[in-house]
Amino acid sequence: MPADDELATVVSAIEEGRRVNDNIRRFLLFAMSGGAAEVLVMLLGPAVGLPLPLRAGQILWINLLTHGLTGVAVGAEPVAARTMSRPPRSPREHALGAGLLWQGVLRLGVLATALSLAAPYLPGPPGRARHGAVP
């Protein structure tokens with residue numbers, strides 16, 4: 001709550017609110033696409049002949065490292081230059097937007113899944129044998 005009713009204070013508070021909203025959306029995109037990729041890898045890995053890709057403890061450890069540290073980093077992102085020039089969002093708008101963020105979650109999730117499932121089949125650095133590579 002602003003301590004005064006100066007226009008500059010109100011504008012600054014609105015700008016900070018937009019920064020927080022933008023950072024929440026960035027984190028949701030990152031976290032949900034990573035989660036979707038984890039689920040898809042666990043479901044599709046055995047279907048394409050790979051052993052169980054991750055165990056429960058590994059999934060928890062990955063989530064702790066990736067979501068915890070990036071949540072702090074994304075939360076500290078500065079305000080974008082043109083934040084105040086865009087129109088306000090509708091109060092009825094979902095946190096994930098009007099479907100655009102969902103599309104990003106699905107695209108990034110599918111991309112991360114494809115790369116994760118293809119990793120055992122990709123060639124390693126020249127001159128080094130790959131440990132556990134699929135023949």
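Modeller: Let us begin with helix α1, which has 38 residues. Helices are DSSP runs of H or I with at least four residues, numbered from the N terminus. The expected span is 1.5 Å times one less than the number of residues. The value expected for α1 is 56 Å, and from first C-alpha to last α1 reaches a close 55 Å.

Colleague: On what basis are such values given?

Modeller: This is a predicted model, in which local features need pLDDT of at least 70 and side-chain atom pairs count only at pLDDT 80 or more, while totals for chains, interfaces and linings use all residues. Residues are numbered from 1 along each chain as its sequence is written, and side-chain values use heavy atoms, with hydrogens and water left out.

Colleague: Which residues of α1 are buried, and against which helices do they pack?

Modeller: Buried means under 20% relative accessible area, exposed means over 50%, and partly exposed lies in between (1.4 Å probe, protein chains only). In α1 the buried residues are Arg18, Arg19, Asp22, Asn23, Ala31, Ser33, Ala37, Glu38 and Val41. Contact here means heavy atoms within 4.5 Å. The buried residues of α1 pack against α2 and α3.

Colleague: Is Arg19 buried or exposed, and which residues does Arg19 touch?

Modeller: Arg19 is found in helix α1. Its relative accessible area is 17%, and Arg19 is therefore buried. Not counting residues up to four places away in sequence, Arg19 touches Gly75, Ala76, Glu77, Pro78 and Val79.

Colleague: What is the position of Glu15 relative to Val79?

Modeller: Glu15 has its place in helix α1 and counts as partly exposed, because its relative accessibility is 29%. Leaving aside neighbours within four places in sequence, Glu15 is in contact with Val79 and Met84. Glu15 and Val79 are 64 residues apart in sequence, yet C-alpha to C-alpha they are 7.6 Å apart in space.

Colleague: How are α1 and α2 oriented to each other?

Modeller: Axes are lines fitted to C-alpha atoms, for helices over the stretch in contact, and angles between N-to-C directions run from 0 to 180 degrees. The axes of α1 (residues 7-44) and α2 (residues 56-75) come within 10 Å and cross at roughly 165 degrees. Angles under 35 degrees count as roughly parallel, over 145 as roughly antiparallel, 65 to 115 as roughly perpendicular and the rest as oblique. The crossing angle therefore makes α1 roughly antiparallel to α2.

Colleague: What classes of residue form the contact of α1 with α2?

Modeller: From α1, the residues that meet α2 include Phe27, Phe30 and Met42, and those of α2 include Ile59, Ile62 and Val74. Ala, Val, Leu, Ile, Met, Phe, Trp, Tyr, Cys and Pro count as nonpolar, Asp, Glu, Lys and Arg as charged, and the others, Gly among them, as polar. By class, the contact of α1 with α2 has seven nonpolar, seven polar and three charged residues.

Colleague: How far apart are the C-alpha atoms of Ala56 and Arg82?

Modeller: Ala56 is found in helix α2 and is exposed, because its relative accessible area is 57%. Ala56 and Arg82 are 26 residues apart along the chain, and their C-alpha atoms are separated by 43 Å.

Colleague: Where is Ala73 relative to Phe27?

Modeller: Ala73 lies in helix α2; its relative accessible area of 46% makes Ala73 partly exposed. In sequence, Ala73 and Phe27 are 46 residues apart, and in space, C-alpha to C-alpha, they are 9.4 Å apart.

Colleague: How are α1 and α3 placed?

Modeller: α1 and α3 pack with their axes 7 Å apart and at an angle of about 40 degrees. That angle makes the orientation of α1 to α3 oblique.

Colleague: Which buried residues of α3 are there?

Modeller: The 19 residues of α3 (residues 100-118) should span 27 Å, which agrees with the 27 Å between its end C-alpha atoms. Its buried residues pack against α1. They are Leu101, Gly104, Val105, Gly109, Thr113 and Leu117.

Methods. Helix = DSSP H or I, 4+ residues; strand = E, 2+ residues; numbered from the N terminus.
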